[in-house]
Amino acid sequence: MNAPLLAAMVGLAVPGTALAQDAMPRPAGITPGEATEGARLVADRQKSLCVLCHSGPFPNPHLQGNLAPDLSGIGARLSEDEIRLRVTDMKRLNPDSLMPTYAASKAGERVGTAWRGRPILVEQEIEHIVAYLASLKE
Amino acid sequence: MAFRLAFAAALLCAGIAVAQEIPPGERRSGTDFMSAETRAIQADDGSNPGMLWVLQGESLWKEPAGASRRSCASCHGEAATSMRDVAARYPAFDTASGAPVDLAGKIDQCRTTRQHAAGLPRESEELLGLSTYVGHQSRGLPIAPPDDPRLHAARAEGKRLFETRMGQLDLSCSSCHDANWRGRLGGSAVTQAHPTGYPIYRLEWQAVGSLQRRMRGCMVGVRAEPFAYGSAEFIALELYLAERAAGLALETPAVRP
């Protein structure tokens with residue numbers, strides 16, 4: 001296994017190579033996201049499910065999970081491109097991650113018929129979430 | 001600083017997310033994760049709604065049924081003695097069908113082959129009542145899965161299913177119940193998924209339901225196609241869950257949020 005890939009998997013930054021492994025530019029044809037729409041999506045317990053695992057500066061703190069890092073101040077810690085990679089496919093950084101792959105078709109066995117072949121979120125929805133999370137500076 | 005610590009902790013969890021079985025000394029029933037109020041409802045037979053199903057099961061136990069016009073009691077006598085540790089040993093190997101059978105399946109088998117009555121559908125009030133009544137006879141006894149070599153293959157299959165990532169969310173039972181049982185998913189305690197209290201009265205259902213109904217809930221939650229009631233897959237999962245919970249006391253009928 002090559003060093004940059006290993007570094008990306010264990011979440012270490014390697015100067016020079018880190019950006020390419022650890023970040024993802026906005027896909028062609030996707031317009032910049034709207035933070036208000038992103039806030040609505042992050043808080044949606046049925047569709048995005050983010051708050052089932054993550055806490056953060058969202059409504060109903062007592063209904064937020066604690067299986068994942070708190071997203072408060074995430075925009076100060078990660079760039080837009082780094083956030084986009086994580087929401088799109090966390091498993092590129094950590095193949096064993098609990099976090100579902102949101103955009104791609106990576107899914108487990110026996111996907112329910114209503115969900116089969118569909119991503120959890122489409123790219124434009126992810127872009128709204130990216131804009132919102134990038135705005136969380138503290 | 002706080003978020004850094006939280007992140008480090010989450011990474012640690014993610015790091016051990018690959019199927020770490022819970023050591024016997026750390027096994028805890030779902031009851032231990034409940035609020036004091038819900039535990040109090042479970043502990044008091046006068047307020048535990050599951051006791052209504054026990055009572056219904058008791059009257060069905062004594063009621064003649066089917067072409068044989070025989071009751072369960074006419075063959076088995078007092079359930080308090082004849083059924084005392086049965087639920088603690090199930091699923092068991094069934095020589096008639098040559099396959100493992102769960103408690104509800106065994107009860108239904110008696111219905112059809114001995115009472116010559118119509119079969120009882122899974123999750124019907126009658127089958128839930130009888131299962132809760134029989135299960136209740138083992139309350140307080142430790143789960144004691146039989147070491148029957150004929151069950152080994154199905155139990156191993158149950159373990160494999162428990163550790164298989166499923167559904168659109170790509171999560172295994174083990175992702176939550178082995179690796180993250182200390183955590184909260186949304187507002188709910190994840191728990192260790194031990195089959196200690198079944199059938200349970202679930203406040204969310206406002207009714208008693210089986211272990212398989214509960215497992216279907218988790219499968220639908222990860223957006224997977226749930227296994228069918230009574231399927232070989234669910235019986236395999238039940239066999240593995242029983243082994244994973246060996247030694248924990250049965251609580252039927254438990255109350256769950």
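Residues are numbered from 1 along each chain as its sequence is written, and chains are lettered from A, with ligands numbered from 1, in the order in which they are written. Because the model is predicted, local features need a pLDDT of at least 70 and side-chain atom pairs count only at pLDDT 80 or more, while totals for chains, interfaces and linings use all residues; side-chain values use heavy atoms, with hydrogens and water left out.

The predictor assigns the complex an ipTM of 0.89 and a pTM of 0.91. Confidence in each residue is expressed as pLDDT, on a scale from 0 to 100. The average pLDDT of chain A is 88, and 85% of its residues score at least 70. In residues 1-19 of chain A the pLDDT is below 50, and this stretch has 13 contacts in the model beyond near neighbours in sequence, a contact being heavy atoms within 4.5 Å. For chain B the average is 93, with 93% of the residues scoring at least 70. Residues 1-17 of chain B have a pLDDT under 50, and the model has ten contacts for them beyond four places in sequence.

The contact between the chains involves 36 residues from chain A and 28 residues from chain B. About 2,700 Å² is buried between chain A and chain B, 55% of it on carbon and sulfur atoms; buried area is the accessible area (1.4 Å probe) that two parts lose on being put together, summed over both. On the side of chain A, the most area is lost by A:Leu67, A:Leu98 and A:Arg110, which together account for 25% of what that side buries.

Two salt bridges are counted between chain A and chain B, where a salt bridge is a side-chain nitrogen of Lys or Arg within 4 Å of a carboxyl oxygen of Asp or Glu. A:Lys91 forms a salt bridge with B:Asp170, in which the closest N and O atoms are 2.8 Å apart. Helix α4 (residues 50-53) of chain A gives the most to the side of chain A that touches chain B, with three residues; helices (H or I, at least four residues) and strands (E, at least two) are DSSP runs numbered from the N terminus.

Over all chains, 25 salt bridges are counted. Within chain A, the side chains of A:Asp81 and A:Arg84 form a salt bridge with an N to O distance of 2.8 Å. A:Asp81 and A:Arg84 are separated by about one helical turn because they lie three residues apart in helix α6 (residues 80-89) of chain A.

In chain B, an unreviewed UniProt entry lists B:Cys72, B:Cys75, B:His76 and B:Cys110 under "binding site"; UniProt positions are given in the numbering used here, feature names are shortened, and annotations may be inferred rather than shown by experiment. These residues are spread over 39 residues of sequence but cluster in space, with a largest C-alpha distance of 11.0 Å. B:Cys75 lies in helix α4 (residues 72-76) of chain B.

Most residues other than glycine have a negative phi, and most peptide bonds are trans. B:Arg69, in the loop between α3 (50-62) and α4 of chain B, has a positive phi near 55°. The peptide bond joining B:Tyr90 and B:Pro91 is cis, with omega about -5°, and B:Pro91 is in the loop between α6 (86-89) and β1 (92-94) of chain B. A cis peptide bond also runs from B:Tyr198 to B:Pro199, with omega near -10°; B:Pro199 is in the loop between β4 (188-189) and β5 (200-202) of chain B.

Key:
pLDDT = per-residue confidence, 0-100.
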